[in-house]
Amino acid sequence: MRASGYFAHSGDQPSRNDWHELADHLKGTGAKAAKFLESVGCSDFGQAVGLLHDLGKYTQKFQRRLDGDPRSVDHSTAGAKVAMDKYGSLKGKMLAFCIAGHHAGLADGSGEQSSSLKQRLAKEIPQLDPVWRDEIILNELSAPQIVPRSPDTAGFSATFFIRMLFSALVDADHLDTEAYYDGLRGEATQSGGHPSLSELRERLDQHLQSLMRNAGATEVNKVRAEVLNHVRGQAAGQLGLFTLTVPTGGGKTLTSLAFALDHATHYQLSRIIYVIPYTSIVEQTAMVFRKALSRGSSDEADFVVEHHSSFDEGRISGREGLNKLRLATQNWDAPIVVTTAVQFFESLFADRPSRCRKLHNIPNSVVILDEAQTLPLRYLRPCVAALDELARNWRTTAVLCTATQPALAESDQFPSGFRNLRELAPNPQRLHRDLKRTQIRHAGIVSDSGLVERLRTAPQVLCIVNTRRHARELYEMLRGTPGTLHLSTLMCAAHRRERLDEVRARLQSGAPVRLVATSLVEAGVDLDFPAVWRAEAGLESIIQAAGRCNREGGAETSDVFVFQPDDSEARKPPPETGQLADSARSVMRSHDDPSSLEAIEAYFREVYWTRTWEALDAKNILGIICERQDTLDFPFRTIAKEFNIIESDMVPVIVPYAGAHRGSEAASRLLRDLEFAERPRQIARKLQPYTVQVPPRVRQALLRERAVAPIGEARFGDQFMALTNMDLYQREIGLSWNDPTFRNAEELVV
């Protein structure tokens with residue numbers, strides 16, 4: 001039967017034979033959204049929100065717009081109003097938030113701004129053609145099967161439900177529209193087709209067997225094998241919250257992946273999401289997973305998705321083909337996703353459709369938080385609440401994976417902490433003893449000149465300090481000493497990889513190597529020095545630094561020296577690092593072994609509980625939600641603006657770095673191709689290893705001095721700023737700039 005003549009999207013043919021029927025689009029979107037939420041028991045809400053989202057297109061005014069009328073038409077409010085009328089002030093408002101915001105984003109529930117849901121629902125809109133009731137059947141809705149942790153957290157559970165519903169709608173809307181246009185072009189929609197998690201588990205088994213066959217019969221390798229077998233033996237444990245407390249060097253990365261694959265296969269979960277604290281090691285971890293799971297086939301780039309970006313993809317103009325990798329990066333529809341903590345948590349509190357599109361693919365998964373101790377203190381309570389909600393209501397298992405387990409269990413001091421945490425590792429106390437390969441000692445106050453002398457006397461030594469400026473100045477003092485090298489985030493990632501390869505080669509051959517670095521070497525970087533010096537910092541950072549020392553147990557024990565830089569103003573760490581260092585100093589005075597589990601627990605208790613309750617939710621996000629839970633007038637837009645883990649924005653500068661290896665001109669070629677590229681996103685992804693992040697004011701200073709220039713400015717604006725004065729990029733230290741503004745920026749930690 002021919003539909004009513006109302007369309008969702010236009011085509012090219014005057015006969016309208018290639019136009020997208022509105023009823024088909026609404027039903028297709030509803031079916032997709034329902035399927036997205038099926039595993040968590042919310043498919044009826046998904047279907048309803050899909051059926052209602054474009055109801056406002058049942059007007060002649062919108063149909064004229066499809067014919068070319070330039071006047072804008074609000075086509076989102078009508079469905080929100082119908083949802084309120086049909087389903088009432090509770091279920092209806094949940095739907096209305098999503099429908100009204102499916103283009104503009106989730107709005108604040110109340111307020112005088114025209115964008116608030118309250119004002120949207122009150123506005124006059126064009127009358128719908130009653131024919132919609134003949135084409136769209138709205139069923140009754142069951143009550144959401146959401147169980148809040150307590151009466152006070154019911155509002156938080158409701159906001160989570162709304163965001164998940166919003167995510168399902170946005171993704172379903174995009175996919176249904178894209179599938180229609182792909183069909184017109186005779187193209188197959190490129191999504192799915194990934195290896196199953198059970199197949200990936202078989203591949204990992206083969207990789208692990210190969211590693212074990214080739215591993216030396218050392219005590220460290222015996223402990224790693226024991227940990228792996230014990231952890232995998234618990235994969236049938238109930239969905240929920242786990243900890244994996246294993247000392248650095250104990251094989252946490254592949255062990256946690258093995259558990260996740262076993263657990264996900266047992267419970268028929270959809271994916272594994274690996275959350276990493278630093279962008280600098282996302283690519284490295286993804287490479288480890290690809291190596292472990294790939295059979296060298298063409299699927300290698302598809303089933304492990306890295307989601308981190310130096311560039312704002314929303315500002316890159318032009319429509320690209322919907323290749324699987326790009327689509328999976330947008331909606332996380334892949335078996336394994338590797339992302340950053342900033343991307344993960346900010347998305348869970350976001351309001352924009354592009355940021356929320358992936359959220360519905362977090363439920364029904366295993367979420368591994370690598371280096372869980374790095375959860376941001378200012379947002380600790382909202383982050384814990386989000387993980388608790390995922391585990392409680394959204395069929396998600398979360399694994400807090402770290403050598404220094406933070407004190408996040410429910411307690412008198414932390415009543416909203418995690419309940420029923422289960423440890424996966426076998427006897428963490430014994431593991432600490434068996435894998436203890438370093439002695440952490442405090443060396444007191446050490447001047448730069450005194451530190452340099454100590455470093456010169458050690459043929460192989462790592463020195464980690466808290467600021468890029470301090471690292472560079474120590475390197476300059478050591479320059480000329482054999483084997484002196486420098487590493488910081490003022491080097492692009494391709495340069496850092498090259499430098500780390502050089503360091504490893506020197507360590508293995510016994511050649512002199514004195515590496516001065518910032519904390520970027522502390523997490524996920526496989527280095528094995530016989531000695532380490534670490535400027536005072538939080539205890540978790542000190543223990544991570546110790547993990548770069550005697551990693552394979554080649555010596556009975558090795559020394560890690562913690563020192564307080566001399567009292568010059570330039571050596572003071574950033575305020576939060578200084579506070580953590582004070583807590584670490586206190587614990588080191590009272591514990592003979594600062595790396596012991598007792599010392600770590602004491603440290604985190606001091607870090608968390610010497611702060612006020614409010615300081616762990618600095619923007620009062622949980623309080624704002626609780627205050628509005630009776631009316632559901634949640635301020636989604638305000639919360640998204642306030643939940644900003646990285647306060648100081650950074651912007652990329654592309655460095656056409658020419659490395660020492662074959663293909664070293666890749667960055668220059670990519671920049672040449674970018675100006676006229678039909679697929680700029682693909683080139684942008686390839687350029688990420690050649691970017692250095694700087695504060696906006698620094699990039700502006702570079703632009704004024706014509707040291708950088710925009711690439712394809714007419715198309716991309718200031719998205720792609722490339723360094724043109726390569727005298728400012730040195731092979732020894734990376735990006736260098738003499739302007740005082742830039743010098744101040746170098747005080748930033750990694």
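Analyst: Leaving aside neighbours within four places in sequence, Leu95 touches Phe45, Ala48, Val49, Ala83, Tyr87, Leu141 and Leu165, where contact means heavy atoms within 4.5 Å. This is a predicted model, in which local features need pLDDT of at least 70 and side-chain atom pairs count only at pLDDT 80 or more, while totals for chains, interfaces and linings use all residues. Residues are numbered from 1 along each chain as its sequence is written, and side-chain values use heavy atoms, with hydrogens and water left out.

User: Which residues have the most contacts inside the largest nonpolar core?

Analyst: A nonpolar core is a set of buried Ala, Val, Leu, Ile, Met, Phe, Trp, Tyr and Cys residues joined through side-chain atoms within 4.5 Å; buried means under 20% relative accessible area, exposed over 50%, and partly exposed in between, with a 1.4 Å probe and protein chains only. Here the largest core has 208 residues, and those with the most contacts inside it are Tyr58, Leu95, Phe344, Phe345 and Leu348. Apart from it lies another core of 16 residues, among them Leu451, Leu455, Val465 and Ala531.

User: What is the phi of Arg395, and what is that of Asn427?

Analyst: Most residues other than glycine have a negative phi. Arg395, although not a glycine, has a positive phi of about 50°, and Asn427, also not a glycine, has a positive phi of about 50°.

User: Why does Arg395 count as partly exposed?

Analyst: Arg395 counts as partly exposed because its relative accessibility is 30%, and Asn427 counts as partly exposed because its value is 40%.
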